[in-house]
Amino acid sequence: MTTESTEPAEPAGPAEPTTASGSTTRAWLRERSELGVCLLLFALGVLVLTDALTMDVDIAQRGPIGPRTVPFVVGAGLLLVGALLAVDVLRGGRGEAEGGEDVDLDEPADWRTVLLLTGVFLAAAVLIGPLGFPIAGALLFWGSAYALGSRHHGRDPLIAAGLSLFTYFVFDNLLGVPLPGGPLMGVL
């Protein structure tokens, strides 16, 4: 025969350590380290929205969709995702450990790819002024594809040029963000 205790059960919840409050706070924050990501998302959202609000744009010339639209959407999205993540973390949600990638941690880093991509980005930054965005962007897109392993020498430059021209027209004509045209300014 078993006897059951008639004492009331203690409420379920996180046990408070009996140490000083400083270490209690540190332990609480350590268990909810994802809140740091929430703070980063909030800070980026506020930065993007502040920058969008201080942008000097004449709305009468641009219409309702202009250079401020995308920063407003991105900033609001960052704030929303940060808030939703904070609520999830405070309710006990935890990020799962990385396990889905097939990465061999014993292999050395691919410094050739990193250096090639760095060179391509720096070259695009230097060349965008004298050559304009369409040419510098095409070099950026093609160089990035090459650095990441694509070896289709006939197809990649054509795709890069098309993507660069498409990006130039979207930003310059549709969004009203002037990009340097370079020597192609008269042609485009």
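## Handedness of a helix crossing

A crossing of two helices is left-handed if the near helix is turned anticlockwise from the far one by less than a right angle, and right-handed if it is turned clockwise. By that rule, the crossing of α2 and α4 is left-handed. The crossing of α6 and α7 is right-handed. Both results come from a predicted model.

## Overall build

The protein chain holds 7 helices and 0 strands. Its pattern along the sequence is α-α-α-α-α-α-α. The chain has 188 residues, and 22% of them count as buried.

Which share of the contacts with a separation of 6 or more joins residues 24 or more positions apart? The share is 61%.

## Helices α2 and α4

Helix α2 covers residues 35-53, and helix α4 covers residues 69-90. Their axes come within 8 Å and cross at roughly 160°. Angles over 145 degrees count as roughly antiparallel, so α2 and α4 are roughly antiparallel to each other. The contact of α2 with α4 is built from 22 nonpolar residues and 3 polar ones, with no charged residue.

Leu39 lies in helix α2. Is Leu39 buried or exposed? Its relative accessible area is 61%, so Leu39 is exposed; the cut-off for that class is over 50%. Leu39 and Leu79 are 40 residues apart along the chain, and their C-alpha atoms are separated by 9.6 Å.

Glu34 sits in the loop between α1 (21-31) and α2. Why does Glu34 count as buried? Its relative accessibility is 17%, and buried means under 20%. Setting aside neighbours within four places in sequence, Glu34 is in contact with Leu85, Val89, Arg94 and Gly95.

## Helices α5 and α6

Helix α5 spans residues 111-131. The axes of α5 and α6 come within 8 Å and cross at roughly 175°. That makes α5 and α6 roughly antiparallel to each other.

On the α5 side, the contact includes Arg112, Thr113, Leu116, Leu117, Val120 and Phe121. Ala124, Leu127, Ile128 and Leu131 also belong to the α5 side. They meet Phe133, Ile135, Ala136, Leu139, Leu140, Gly143, Ser144, Tyr146 and Ala147 in α6. By class, the contact of α5 with α6 has 15 nonpolar, 3 polar and 1 charged residues.

## Helices α6 and α7

Helix α6 runs over residues 133-147, and helix α7 over residues 155-174. They pack at an angle of about 135°, with their axes 8 Å apart. How are α6 and α7 set relative to each other? They are oblique.

From α6, the contact takes Phe133, Pro134, Gly137, Ala138, Phe141 and Trp142. From α7 come Asp156, Pro157, Ala160, Ala161, Leu163, Ser164, Leu165, Thr167 and Tyr168. The contact of α6 with α7 divides by class into 11 nonpolar, 3 polar and 1 charged residues.

Notes
Residues numbered from 1 in each chain as written. Predicted model: local features only at pLDDT ≥ 70, side-chain atom pairs only at ≥ 80, totals over all residues. Heavy atoms only, no water. Axes fitted to C-alpha atoms, helices over the stretch in contact; angles between N-to-C directions. Helix = DSSP H or I, 4+ residues; strand = E, 2+ residues; numbered from the N terminus. Parallel < 35°, antiparallel > 145°, perpendicular 65-115°, else oblique. Contact = heavy atoms within 4.5 Å. Nonpolar A, V, L, I, M, F, W, Y, C, P; charged D, E, K, R; others polar. Buried < 20%, exposed > 50% of the residue type's maximum accessible area, 1.4 Å probe, protein only.
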